[in-house]
Amino acid sequence: QVRLVESGGGSVQAGGSLRLSCAGSGYTYSRYCRGWFRQAPGKEREGVAVISSNGARTYYTDSVKGRFTISQDNANKNALYLEMNSLKPEDTAMYYCAAARAYDCGSVSWAQVYRYDYWGQGTQVTVSS
């Protein structure tokens, strides 16, 4: 059974940093595209960043490029991270870890929520101005 558990969320001031972690179990990382999504109150869930099954490709939504970095743990590749720097109030949301049964996330469709088969319960990120 695939299980994804997020941690690392919290409250920070604008300009601050956070590192989110996703502990994965019950799946083989090399067969899954994995990533981070977020959902703010009253808004649809949106893709933030994803990484392909072999770690070779990453995709980011435009609003976080240059500020966020997605990575997988070198020793335990089922673990996923999202380093978030220069945080802005508009980054405030519940952040979810997700996994899709696909080797490549797809340069066009990577952010489509329906493509992802497994989801964590989320970790809250709040950025104050």
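This is a short talk through one protein chain, from its overall build to a few single residues.

Hi everyone. A word on the ground rules: this is a predicted model, where local features need pLDDT of at least 70, side-chain atom pairs count only at pLDDT 80 or more, and totals for chains, interfaces and linings use all residues. Residues are numbered from 1 along each chain as its sequence is written, and side-chain values use heavy atoms, with hydrogens and water left out.

Let's start with the build. The protein chain has eleven strands and zero helices. Here, strands are DSSP runs of E with at least two residues, helices are runs of H or I with at least four, and numbering starts at the N terminus.

What about overall size? Along the principal axes, the C-alpha atoms fill a box of roughly 40 × 30 × 25 Å.

Now, the inside. Of the 129 residues, 44% count as buried. Buried means under 20% relative accessible area, exposed means over 50%, and partly exposed is in between, using a 1.4 Å probe and protein chains only.

Which residues touch the most other members of the largest nonpolar core? They are Trp36, Val48, Phe68, Ile70, Leu82, Met84 and Tyr95, out of 27 residues in that core. A nonpolar core is a set of buried Ala, Val, Leu, Ile, Met, Phe, Trp, Tyr and Cys residues joined through side-chain atoms within 4.5 Å. Strand β9 gives the most to this core, with four residues. Apart from it lies another core, of nine residues, including Cys33 and Trp110.

Last stop: the loop between β8 (79–84) and β9 (93–100), where we find serine 86. Its phi is near 50 degrees, a positive value in a residue other than glycine. For background, most residues other than glycine have a negative phi. Is serine 86 buried or partly exposed? Serine 86 is partly exposed, with a relative accessible area of 40%.

Aspartate 91 lies in the loop between β8 and β9 too, but aspartate 91 is buried, at a relative accessible area of 1%. Leaving out residues up to four places away in sequence, aspartate 91 touches Arg38, Arg67, Phe68, Ser86, Val125 and Val127. Contact here means heavy atoms within 4.5 Å.
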